[in-house]
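The sequence and structure come next.

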Amino acid sequence: MNIKPKDKNELKQRLASEAKKITLDDLASCSEDRVSIDVDGTVFENYIFYGKKERLYIFLSAIGDSNVEYPKFTRATWPLWLEFNSVLIDDPTRKELSFAPAFFIGSKNKENISKIIKLIQSFQKKFDVSEENTYIISSSNGGYAAIYIAKYLNIKIIAYNPQFNIPTFIDSLSDSSFVKLNYYLKSGFDLKENDIRLTAVDSFKNKHAKFFIYINISSKTDRDQLNFLSKNLDFKWNLGANRISDNLTLLIVEVDADNPHSVQPSFDATRIFIEYLAGNIGPRVFWPVMKITASELKLVQKYDKSI
């Protein structure tokens, strides 16, 4: 069914429907919206919104709670108001490990990054969309995956409160944190081995990719991640908009809340960030908007994980 749902209720019904099981070879001719795609033995759960072909939006799920059902698509309603082809993808590692956050990277003995790259490239081919017109939008551990993927693809990334380095993130959690106590046990990773999948900082060396990253430093873990990034990329940051390089812009805010990590930009703000990365909004418009966003929070709201 390649007709976009007319509203949230219809979308909810379609998301709950049984997925059609296909392989990458089937994707080009597939007209279904709810699909399970086998990529080299790893099954990715997806929902496809069919629209105009000039752009492709990929929304990676950002689940940090092991008790959340699988699959669970986050920001699932956003493509309803976007005119271009969009795809929701949940993290198969979450199911494989029965654990979250899983960062889309797989485990020590099974890597999934190359597979999600294959999947994205297959969607690009299906919709005849170039890398430069492909956008990945996510947050937290899904944001980590988005940034990591940009090491290999010349795409555009919008990431809210993402991680940049998994060991630094785990270490910054409280000693009683379930994630801190169980991530290495579940994933099998060993810090001493310095597995390249545990850090995404090298992605910023890809000057053909573009990044817009929002960070709320009221969250201790997000402040720690920002400090890790600034140390590794050798820059100093300030509250507000920071243009670190031609391909990296940071929006840094300090918004207190019960869970400051969940205070993230709204859909309307995200649309502005998309057009900024597309080159359709210049500095004369963009920087004043960012100043308003950072200081008065007109465009920032709590990110609602529900549909």
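Is F104 buried or exposed?

F104 is buried, with a relative accessible area of 1%; buried means under 20% relative accessible area, exposed over 50%, and partly exposed in between, using a 1.4 Å probe and protein chains only. The residue is found in the loop between helix 3 (92-97) and strand 6 (106-107). Helices (H or I, at least four residues) and strands (E, at least two) are DSSP runs, numbered from the N terminus.

Contact means heavy atoms within 4.5 Å. With neighbours within four places in sequence left aside, F104 is in contact with L60, S61, I89, D90, D91, P92, T93, N112, I113, I116, G142 and A145. The C-alpha atoms of F104 and A62 are separated by 9.6 Å, and these two residues are 42 apart along the chain.

## Basis of the model

This is a predicted model, in which local features need pLDDT of at least 70 and side-chain atom pairs count only at pLDDT 80 or more, while totals for chains, interfaces and linings use all residues. Residues are numbered from 1 along each chain as its sequence is written, and side-chain values use heavy atoms, with hydrogens and water left out.

## Salt bridges

Side chains of opposite charge can pair when their charged atoms come close. A salt bridge is a side-chain nitrogen of Lys or Arg within 4 Å of a carboxyl oxygen of Asp or Glu. The structure holds 16 salt bridges.

One of them joins E10 and R14, with the closest N and O atoms 2.5 Å apart. Because E10 and R14 are 4 residues apart in helix 1 (residues 8-15), about one helical turn separates them. Both residues, E10 and R14, are buried.

## Pairs across the sequence

K52 forms a salt bridge with E83, the closest N and O atoms being 2.9 Å apart. This pair links distant parts of the chain: K52 is in strand 4 (residues 52-60) and E83 is in the loop between strand 4 and strand 5 (84-89), 31 residues apart. K52 is partly exposed at a relative accessible area of 44%, and E83 is partly exposed at 43%.

R223 and E254 also meet through their side chains in a salt bridge (3.8 Å, N to O). R223 lies in helix 8 (residues 220-233) and E254 in the loop between strand 12 (248-253) and strand 13 (263-265), so the pair ties together parts 31 residues apart in sequence. The relative accessible area is 29% for R223, which is partly exposed, and 47% for E254, which is partly exposed.

Salt bridges that share partners join K6, E10, R14 and D33 into one network.
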